[in-house]
Amino acid sequence: MDESVKLTPEQEKARKQRNLLIGLSVAAFVALVFLITLSKLANGGIAP
Amino acid sequence: MVDLSVTEARTATAADYFALLKPRVMSLVVFTALVGYVAAPGAGDWVLGFASILALALGAGASGALNMWYDADIDALMSRTKARPIPSGRVPKEEALTLGVALSIFSVLTMQLAAGPLAAALLAFTIVFYAVVYTMWLKRSTAQNIVIGGLAGALPPAIAWAAKTGSLSLEPLILVAIIFFWTPPHFWSLSLLTRRDYAAADVPMLPVTAGARATRLSIFVYALIVAPLAFAPVLTGLGHTIYAATSSLGGLAFVALAARVAFSRAGEDMGAKADAPARRMFAYSILYLFALFAALLIERLV
């Protein structure tokens with residue numbers, strides 16, 4: 001018996017879009033932490 | 001074994017996940033937080049300011065997702081909420097929980113990184129208060145649900161203030177008090193129009209438990225508290241001429257509309273005409289709060 005999940009083209013497209021969104025969110029978080037760090041260093045140290 | 005058909009075979013898009021974050025509540029949070037940040041003393045740093053307000057927005061979104069996860073059963077029963085992503089079947093319930101928990105952690109971490117422990121702790125408190133105290137406990141057990149739960153929606157300007165200054169003072173707490181006392185008359189006006197939904201879903205909103213008349217009177221009493229309270233920032237020096245004018249005129253109109261509600265038969269199934277004062281009160285309450293905070297913002301920008 002074939003247990004793999006067959007996706008319709010629409011579901012496939014939605015999955016691609018969801019994965020892209022997760023990827024972009026992670027990249028944005030990385031960029032944000034980088035910018036916060038730069039800002040804190042510019043303001044004289046990374047202690048909060 | 002994980003059933004992949006649940007998580008893979010569906011057409012949920014980015015818009016569905018965004019809807020889980022309650023974007024309209026989020027926009028109010030961002031706006032009041034922005035005002036709290038700009039109004040707080042000190043120069044501030046725009047990157048840290050942006051990160052703090054983003055953290056607040058994500059925290060609010062996390063609360064929204066957790067609320068939709070827990071409330072999926074009652075959301076499915078009410079016409080106002082049954083098109084939400086979970087009751088409509090577009091997003092599995094478990095994913096809203098995952099999204100809510102993940103966003104809670106990321107938002108509090110970001111706040112700690114950008115603004116330090118006080119703002120991060122306040123944000124964590126707000127998320128827990130909304131998701132656990134309001135959603136899981138008060139909402140289904142007492143008619144005072146939105147009165148106490150409103151604290152979560154009221155805190156953002158103070159969190160933003162703490163993010164910029166690292167401390168709290170009387171001024172941001174007055175802003176919190178304004179939103180806190182504004183929430184019940186705002187929400188009760190809506191619930192007069194939708195009380196049948198709440199009754200059907202067995203949610204103890206005030207019109208359901210105490211009746212329409214008691215709700216209309218409560219709206220008026222809270223309006224009498226909000227209007228003078230909204231003038232208080234003038235006395236502490238936070239608000240100036242534009243704010244003083246906005247809060248005086250806006251407050252008078254708020255009380256006047258609340259009085260119209262109090263003397264109406266709104267929420268008694270007497271038709272759209274009888275309900276009109278409550279509908280006007282609800283619409284105006286949004287404009288009123290927006291105008292108050294916009295006035296503070298304008299005074300800082302010009």
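User: Which residues have the most contacts inside the largest nonpolar core?

Analyst: This is a predicted model. Its largest nonpolar core has 93 residues. Leu56(B), Ala65(B), Leu123(B) and Ile159(B) have the most contacts inside that core.

User: Which element gives the largest share of this core?

Analyst: Helix 4 of chain B, with 14 residues.

User: What is Leu123(B) in contact with, leaving aside neighbours within four places in sequence?

Analyst: Ala55(B), Leu56(B) and Gly59(B) are on the list.

User: Switching to helix 8 of chain B. How many of its residues are buried?

Analyst: Seven of 10, so the helix, residues 145-154, is mostly covered.

User: Which ones are they, the buried residues of helix 8?

Analyst: Asn145(B), Ile146(B), Gly149(B), Gly150(B), Ala152(B), Gly153(B) and Ala154(B).

User: And what covers them?

Analyst: The cover includes helix 4, helix 7 (117-138) and helix 10 (170-200) of chain B.

User: Now chain A. How many helices and strands?

Analyst: One helix and zero strands. Chain A has 48 residues, and 6% of them count as buried.

User: How many residues of chain B are in contact with chain A?

Analyst: 19 residues of chain B, against 17 residues of chain A.

User: Which elements of chain B give two or more residues to that side?

Analyst: Helix 1 (4-7), helix 4 (46-70) and helix 6 (93-115). Helix 6 of chain B gives the largest share, four residues.

User: What's the split by class on that side of chain B?

Analyst: 11 nonpolar, five polar and three charged residues.

Key: Residues are numbered from 1 along each chain as its sequence is written. Chains are lettered from A and ligands numbered from 1 in the order in which they are written. This is a predicted model: local features need pLDDT of at least 70, side-chain atom pairs count only at pLDDT 80 or more; totals for chains, interfaces and linings use all residues. Two residues are in contact if their C-beta atoms, placed from the backbone, lie within 7 Å. Ala, Val, Leu, Ile, Met, Phe, Trp, Tyr, Cys and Pro count as nonpolar, Asp, Glu, Lys and Arg as charged, and the others, Gly among them, as polar. A residue is buried if 20 or more other C-beta atoms lie within 10 Å of its own, exposed if 12 or fewer, and partly exposed in between; C-beta atoms are placed from the backbone. A nonpolar core is a set of buried Ala, Val, Leu, Ile, Met, Phe, Trp, Tyr and Cys residues joined through C-beta atoms within 7 Å.
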